[in-house]
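Thanks for coming, everyone. Let me put the model on the screen, and then we'll walk through it.

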Amino acid sequence: MDSSMATKIAFRKDAETVADGAKSLPQKYFVAPEIFAKEQSGVFSKEWLLVGHQSQIPKPGHYFVAPIGGESLIIVRDQGSTIRGFYNVCRHRGTRLKEDACGHASAIQCPYHAWTYRLDGRLIGAPHMDEVPGFDKADYSLRAVNLGIWEGFIFVNLANEAAGANGSGKSLEEWFAPLNGKFSHWNMSILQPAKRIEYDVQANWKLMFENYSECYHCPGVHPQLQKVSPYDSAENDLREGPFLGGFMKINPGKSLTMSGNACAAFVGKIENLQQVFYYSIFPNMLLSLHPEYVMVHQLLPQSPGRTLIVCDWLFHPDAFNRSDFKPDDAIEFWNMTNTQDWHVCELSQQGITSRAYEPGPYSSRESIPAAWDRYYLGVMD
């Protein structure tokens, strides 16, 4: 049996998998400062976190600054084209090195006392420090962060364990081993960005995962989406653990765009052009795979009731040179849909803060949110 056939067989209707008595999380998980602090220390400081895509730094010297897990990181492509990550902290007096969100530089220089670092992190300039007995530049390289790349996406891990290991003791390669080859048809490592939109949502980050993981809400919240992709067509193949999701059907001849037509060349040899795949990757990535584009959400929790969301649309590089390339057709569709989602997440947050709130039962269409909750609680224990 080949892998594609195995994948087909593994899909299962969402309605079959909700455990009896499954309910939403208690109020404290959405509002309590102590829970948020525990998430920062026990989840976002130990797990592999999405920070961007390698297309953001295409050439040596390109960098971007990633605010993640309460830290500021510099993600840079060095002189040898290796992608590296460093804490955005000078080794002299701790000054923030880079203020711009992105840019290009031949070196990294501190704006305070001009300590200067190569793009590989080595200190090469420290004015007047040669006069200090015992000072050695080799002792003061930038502090590196564990970094790895999966399918072109850049992940970091803030844990202090052995380089490349997360809180479970797994390297990035080991962490993503269950997904090896699963998304190869989408050529994600070579895709190029067409648009980024940032959203500031007044809701807890977990509500976005739960919202993303079901379409029970789609008929009322997303009438435009519902016309093209029926809410009851969901079938899931990843139903437990840190990776969850599956596909929904797209009506024949249609695409998830404002016009309903395909907006770009296909990203690869997609087997079924009438399917869109949605996967959540714990703890801060939402991955949407379409025949002609990939949409990615990166979640950045700010407080119990506030989350920044960075949304990127990626297309095949060949699409940009074609006359039928209309990325705004997809971007406008999903910006509309995203905005609808974030609004109901904010309404959920507002209701959950009420003394009247208590956990409610999950429906037969909410097996993946229930599975996400189980995994989250396991990590938090």
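Two ground rules. This is a predicted model, so to speak: local features need pLDDT of at least 70, side-chain atom pairs count only at pLDDT 80 or more, and totals for chains, interfaces and linings use all residues. Residues are numbered from 1 along each chain as its sequence is written, and side-chain values use heavy atoms, with hydrogens and water left out.

Now the strands. Helices (H or I, at least four residues) and strands (E, at least two) are DSSP runs, numbered from the N terminus. Two strands count as paired if DSSP finds at least two bridges between them.

Look at the open sheet. Four strands make it up, in the order S5-S4-S3-S6, with antiparallel pairing. Strand S5 (83–87) and strand S6 (102–104) are the edges, and each pairs on one side only. Neighbouring strands of this sheet are turned by 25° against each other on average, direction ignored. For that angle, axes are lines fitted to C-alpha atoms, for helices over the stretch in contact, and angles run from 0 to 180 degrees between N-to-C directions.

Zoom in on one pair. Strand S3 (residues 62–68) and S6 run antiparallel and are joined by three bridges. Tyr63 sits opposite Gly103 in S6.

Next, a hairpin. Strand S13 (residues 235–238) and strand S14 (residues 243–249) are antiparallel, again with three bridges. Asn236 faces Gly246 in S14. Four residues lie between the strands of this hairpin, and there Gly241 takes a positive phi near 100°.

On to the backbone details. Which peptide bond is cis? The one from Phe282 to Pro283, with omega near 5°. Pro283 lies in the loop between strand S15 (275–281) and strand S16 (285–289).

Ala114 has a phi of about 65°, and it is not a glycine. You'll find Ala114 in the loop between strand S7 (108–109) and strand S8 (116–117). His128 also has a positive phi, near 70°. His128 sits in the loop between strand S9 (123–125) and strand S10 (146–150).

Are these two residues buried or exposed? Buried means under 20% relative accessible area, exposed over 50%, and partly exposed in between, with a 1.4 Å probe and protein chains only. Ala114 is partly exposed, at 29% relative accessible area. His128 is exposed, at 61%.

We work on a 1 Å grid over the protein atoms alone. A cavity is a set of points where a 1.4 Å probe fits but cannot get out. A pocket is an open set with protein on both sides within 12 Å along at least five of seven lines. Lining residues have an atom within 4 Å of a point. Grid points are joined across faces, edges and corners, and a volume is the space filled by probe spheres set on the points. For residue classes, Ala, Val, Leu, Ile, Met, Phe, Trp, Tyr, Cys and Pro are nonpolar, Asp, Glu, Lys and Arg are charged, and the others, Gly among them, are polar.

Start with the second largest pocket. Its space is about 380 Å³. The lining has 19 residues, and Leu207, Glu210, Glu214, Ser348 and Glu366 lie nearest the centre. Helix H5 (205–212) and helix H8 (327–352) each supply at least two of the lining residues. H8 gives the most, with four. By class, that lining is ten nonpolar, five polar and four charged.

How many cavities of 30 Å³ or more are there? Two.

The largest cavity holds about 390 Å³. It is lined by 31 residues, and Tyr212, Ser213, Glu214, Met248 and Tyr278 are closest to its centre. H5, S14, S15 and H8 each give two or more residues to that lining. Here S14 returns, with the largest share, five residues. The lining splits into 15 nonpolar, twelve polar and four charged. Note Glu214: it is among the residues nearest the centre of the second largest pocket, and it is on the list for the largest cavity as well.

The second largest cavity has about 80 Å³. Its lining includes His53, Phe153, Arg196 and Asp312. S2 provides the largest share of that lining, three residues. The classes are five nonpolar, five polar and two charged.

That's my tour. Questions, please.
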